[in-house]
Amino acid sequence: MPRKRRTELPSAGESSGSQEASGSAGRGASRPVERAPPPQQGLGGGGYQGGRGVGAPTAPQPQQGGRGVGGPTSPQPQQGGRGVGGPTAPQPQQGGGRGGGYYQGRGGMAPQQQRGGMAPQQSGVPPTEYQGRGAGMPHGGVPFQQSSGVMPETGGMRRGGGGGSAASVRTGGSSSMPPVPELHQASQAPYQARYPTQKAPSGKPTESSQPSSSSSRSPEQAPQEITQQFQQLSIQPEETSSLAIQPVVPAAASSKSMRFPLRPGKGSTGTKCVVKANHFFAELPDKDLHQYDVSITPEVTSRGVNRAVMQRLVDTYKDSHLGSRLPAYDGRKSLYTAGPLPFTSREFTIVLPDDDDGQAGPRPERQFRVVIKLAARADLHHLGLFLAGKQADAPQEALQVLDIVLRELPTARYSPVGRSFYSPDLGKRQPLGEGLESWRGFYQSIRPTQMGLSLNIDMSSTAFIEPLPVIDFVTQLLSKGDVLARPLSDSDRVKIKKALRGVKVEVTHRGNMRRKYRISGLTSQATRELTFPVDDRGTMKSVVQYFQETYGFAIQHTTWPCLQVGNQQRPNYLPMEVCKIVEGQRYSKRLNEKQITNLLKVTCQRPHDRELDILQTVHHNAYDKDPYAREFGIKINEKLASVEARILPAPWLKYHDTGRERDCLPQVGQWNMMNKKMVNGGTVNSWMCINFSRNVQENVARGFCQELAQMCHISGMQFVAEPILPAFSSRPDQVERALKGRYEEAMKRLRPVGKELDLLIVILPDNNGSLYGDLKRICETDLGLVSQCCLTKHVFRMSKQYLANVALKINVKVGGRNTVLVDALSRRIPLVSDRPTIIFGADVTHPHPGEDSSPSIAAVVASQDWPEVTKYAGLVCAQAHRQELIQDLFKVWQDPVRGPMTGGMIKDLLISFRRATGQKPQRIIFYRDGVSEGQFYQVLLYELDAIRKACASLEPNYQPPVTFVVVQKRHHTRLFANNHQDRYSVDKSGNILPGTVVDTKICHPTEFDFYLCSHAGIQGTSRPAHYHVLWDENNFTADGLQSLTNNLCYTYARCTRSVSIVPPAYYAHLAAFRARFYMEPETSDSGSLTSGAAGRGGPPGGARSMRVAAGNANVRPLPALKDNVKKVMFYC
């Protein structure tokens, strides 16, 4: 086989991450368009006093007033109040306890939202030391002002609290206010201290970040007007009571010192029922587990080779040297046994035949040196205590051992991928197109639950590469009939290279010698042009000639490139037609739409069928006969777990009083807009239509727009019937010219009368490629225009249902509201209606597998209306590739003129809420999507700290209580009706009813989590959302949080159905998905883009706290959203 001397650089690397739907997003915070009503007297108007600032290890954080909790190395200049420093934290403080802050008023009352039994402390009493469970952190009790007269819940320390003191500090309102900044800017005014200032470490007085007050009027208000309004809000008489706020542990602290909230009891609301879950009870073994370290020399990266070595060792030495024990091996460095081996350390020599060498005669052998050494005894006793709720931390090592034991047999039988196993024997292969096929399999994971250990089994399918001759694979991939008859184009070569890189092939031109190679790339020349030296004198021979002379093989496709295989330093050439793809290779790159559709058809199963398949899989796996399970004493029950559940009632929804139906009670998770009008209809005075579909004639486009305008009007919007300009047709490749030209033409008419273009309706071809994304990018980041796209097929059908749904989307895009919860208007939502509450949703979407350099995109949305909590403003930012922590929640940077500056998404959205409602949030509920269990601590530590700092940057002692809830959809728990024939317990699709909630048996032994199926199924088996509370200063009861979450699922703006995850998390996902269209294509393969919150006065380089700072340095910012787009739910 020819070998090439010169090395060609490979193309960009492909990731082997799992196939997943990429996420989403639009950038910028949005303010509601209508003016907020004047602030009501006595409704939470006053400033917060005595909050806590928490410093991350490397984040300097100027603060005013109140207390500061410093991380181990954080210099925290503070002004006023008391400071609690970490071991090495110098904390200069500026004297006095008074001063004017953005969110600051007089007096103080601090909500303490923690369970426990500590009595509230009165403001002004001497500090009291107290200690909570799981301590280790200095704890600051901080008062804040409450002007509504509503007493916050009292309570003592909760898990994770530490010793500390409670202090009360009074401050006065500021005497003057700078002009209100725009939402996207992080403006500040230097703090004017009323007392002499001590010097900061640099020798300069510390300045605090202090954006100006927002107001319920237009941003153009004079500073004096704002000051008067602010003082009205601030100087209400208040009741004072001091309650400690729970500290956030700085990110440097060990996660062990922090505890997630305990379950506050089980929920009781709703109709009780029984459901079945795909969890199987696993009896905890009573065995003496031992862990051994394994080292294999020479070291190999392949788990498969490691397993083959260990299997040979066990087969050879089990009875003679291993005391007849059957060990479980993780494929890497650890071996586990049920009882001790007869040695503490021993060396073995193992010989394996080399599978990958295709020479004739007996195969050469590879020799390995294996050392097995006692490492530890795995403790099952603590696992028992944890499952019984008597120990807080899950003993991960013990769980891991049991998981490895139960994976041993399926790993040997099937192809393992993550926690799943696939095989052509587990179900029929189905072609997916372009050389791929789907394999059936199952997911398996051992989990700690309230019922004890549980084995979670679910059905699964994924894409594998068809074991075809490479020529056939390429023909399918390019899907062109004449592909073999012509030379490949450059785009063909790129496509082939991407698809085949990293794929294992075997040669077919040497009879039974089927040596295997891994493809590293393609040759730049055609096969007929390739030559290589055959001797030291430099005699050259062509590849075609070599194959003819050596193997008698005549290469047919000489115009095609060769595959480059093996070592990159000494690449080998193989003609495509002598290679066949090795079976059993999972395809880990991005699937196209057709392939995804085909895969979904395979995986989509009705609940009853899925349940039977799961039971059949458990039976087929025969855990009672599994030699490893028997060796370790693990017994698996073969029946689905029966679980108590409740069906939460649907909430009443409010529509406009002028409609025939003023309110509505959804039935089985759905309702419609018949006889109803939107509760707040938006206004569209000027609009136009651009048609990019050549199949849609001008009169059809005009007729469709008239019908849509009429539907918007009927639904309750003020929608002018005639467009500002007639419908205009253009070619898709002229999108920018058409949009900008038509926009300018419209604005020539509108500017003289001081009006804007409110809406653009766009008709797109059904298959529009990049057109949709280009259009959204131009409209939202260049023209400042909200748009509604409609596909050609819908334009021709013009169904009433479709038009009504589009009207819902248009309404929220122009600033309206479709519906609100009746309970929200009547102030009956616990822990939301009693005081101004902001609800956040956050998500990070990562690039598709195979995209090595494109950034991840973070999106945060936040409610902008209270008490309705229905409108959400959204901000987005790009951040380092596959970075899960949201980098731009809070930012600190140095401005050359104005000094230290603060900003970030949380701060912007809090300011925006204040502007829209005239109130500052006194509670924060934060729904965080897309976090896996392994990242819980990391995400909570980093993001809760950022929330704290964002609040403190608005006003020194402003620390509203936070509830932080993770929303998970990528799990494998499925719930089935106890009786599939009972039509009162299933919906039309055969799924459990919407509102079904489970917080027993299959949930966490001690922590606050629940499964909620809030939506009605359409096809396939419904996946309940899993909500896990990581922090709760608001003291939610189980019923309170479950009902709030379920009720919010009925407020989703884009349809008249309840949705499967809570809307703020859903909107964050949509916003992140939208922002992908704003990115310019990444040309380099070096790194990622970054983010500031673009266009919002972010720091030039974006100084960021914690270890993640460096990763964002090269990320290119997304283009900024235009301000008028930010104000509305443009991502819907």
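Which residue in β19 does P431 stand opposite? I will come back to that residue in a moment, after a word on what we are looking at. This is a predicted model, in which local features need pLDDT of at least 70 and side-chain atom pairs count only at pLDDT 80 or more, while totals for chains, interfaces and linings use all residues. Residues are numbered from 1 along each chain as its sequence is written, and side-chain values use heavy atoms, with hydrogens and water left out.

Let me begin with the whole protein. It has 21 helices and 49 strands, where helices (H or I, at least four residues) and strands (E, at least two) are DSSP runs numbered from the N terminus. Of the 1132 residues, 59% are buried, and by buried I mean under 20% relative accessible area, with exposed being over 50% and partly exposed in between, using a 1.4 Å probe and protein chains only. Among the contacts with a separation of 6 or more, 76% are between residues 24 or more positions apart, a contact being heavy atoms within 4.5 Å.

Now to β19 and the opening question. In β19, which covers residues 436–449, P431 has E437 opposite it. Strand β18 (residues 430–433) is joined to β19 by three bridges, and the two run antiparallel; strands are said to pair if DSSP finds at least two bridges between them. The hairpin of β18 and β19 has two residues between the strands, and E434 takes a positive phi near 55° there. Strand β17 (residues 420–423) also runs antiparallel to β19, with four bridges joining them, and F421 has F442 as its bridge partner. On to β20 (residues 452–465), which is joined to β19 by 14 bridges, again antiparallel; P448 has L453 as its partner there, and a hairpin of two residues connects these two strands. As for how covered β19 is, 14 of its 14 residues are buried, with residues including L436, F442 and P448 pointing one way and residues including E437, W439 and Y443 pointing the other way.

The next region is an open sheet of five strands, in the order β26-β25-β22-β21-β27, with antiparallel pairing. Its edge strands are β26 (572–575) and β27 (579–581), each of which pairs on one side only, and the twist averages 55° from one strand to the next, with axes being lines fitted to C-alpha atoms, for helices over the stretch in contact, and angles running from 0 to 180 degrees between N-to-C directions. Within this sheet, β21 (residues 504–507) and β22 (residues 516–526) pair in the antiparallel sense over three bridges, and V505 stands opposite Y517. Helix α5 (residues 470–478) packs on the sheet, where it touches β21, β25 (561–565) and β27, and its direction makes about 65° with that of β27. Helix α6 (residues 490–500) lies across β22, β25 and β27, and runs at about 165° to β22.

A second open sheet has three strands, in the order β31-β30-β38, and its pairing is antiparallel as well. Here β31 (663–664) and β38 (820–821) stand at the edges with a single partner strand each, so one side of each is left without a neighbour in the sheet. Strand β30 (residues 653–654) pairs with β38 over two bridges, and K654 has V820 as its bridge partner.

Turning to helix packing, the axes of α11 (residues 698–714) and α15 (residues 800–813) come within 9 Å and cross at roughly 65°. The two helices are therefore roughly perpendicular to each other, a label given to angles of 65 to 115 degrees, whereas angles under 35 count as roughly parallel, over 145 as roughly antiparallel and the rest as oblique. Among the residues that meet are F704, L708 and M711 in α11 and Y802, L803 and I810 in α15. The residues of this contact divide into ten nonpolar, no polar and two charged, where Ala, Val, Leu, Ile, Met, Phe, Trp, Tyr, Cys and Pro count as nonpolar, Asp, Glu, Lys and Arg as charged, and the others, Gly among them, as polar.

Finally, K1122 lies in the loop between α20 (1063–1075) and α21 (1123–1126). At 34% relative accessibility, K1122 counts as partly exposed. The C-alpha atoms of K1122 and E780 are separated by 6.3 Å, although these residues are 342 residues apart along the chain. Leaving aside residues up to four places away in sequence, K1122 touches E780, T781, D782, L783 and G784.
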